[in-house]
Amino acid sequence: MTARTYQPTRSAMQSGQAKDKWILEYEPELPRQIEPLMGWTSSADMRSQVKLHFDTKEEAIAYAERNGVAYRVEDPKPAVRRILSYSDNFQPNRVVPWSH
């Protein structure tokens, strides 16, 4: 039973600098199965439905260690921001010419 601790990525609609919560979720132990009558996907693994939310990474790690859960921490990648100004559209050395 291994748990994954990560900070979820923001959607395209979120642009703020607020801190997101950390999530601890268990990795599936059993593969999902297709139910033959209705075709639904099912699983007998109850832990795959558990998601625990923590304010900090340290709290998630402390919970995993306190309960004897093997865990893996996935640190978030820093966002790459390109700072451009409006005047860059009119530079004479642009790679792609700007026109209407």
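Leaving aside neighbours within four places in sequence, Thr-5 is in contact (heavy atoms within 4.5 Å) with Trp-22, Ile-23, Leu-24, Ala-60, Tyr-71, Arg-72, Val-73 and Glu-74. This is a predicted model: local features need pLDDT of at least 70, side-chain atom pairs count only at pLDDT 80 or more, and totals for chains, interfaces and linings use all residues. Residues are numbered from 1 along each chain as its sequence is written, and side-chain values use heavy atoms, with hydrogens and water left out.

Thr-5 sits in strand S1, residues 2-6. Strands here are DSSP runs of E, at least two residues, numbered from the N terminus. Thr-5 has 0% relative accessibility, so it counts as buried. Buried means under 20% relative accessible area and exposed over 50%, with partly exposed in between (1.4 Å probe, protein chains only). Val-73 lies 68 residues from Thr-5 along the chain, yet their C-alpha atoms are separated by 4.8 Å.

Now take Glu-25. Strand S2, residues 22-26, holds this residue. Glu-25 counts as buried because its relative accessibility is 15%. Its side chain makes a polar contact of 3.5 Å with the side chain of Tyr-6. A polar contact is a pair of N or O atoms within 3.5 Å; within protein, one must be able to donate a hydrogen and the other to accept it, and residues adjacent in sequence count only if both atoms are side-chain atoms. Beyond neighbours within four places in sequence, Glu-25 also has Thr-2, Ala-3, Arg-4, Val-50 and Lys-51 among its contacts.

Trp-40 is another case. The loop between strand S3 (33-34) and strand S4 (41-42) carries Trp-40. At 56% relative accessibility, Trp-40 counts as exposed.

Methods. Helices (H or I, at least four residues) and strands (E, at least two) are DSSP runs, numbered from the N terminus.
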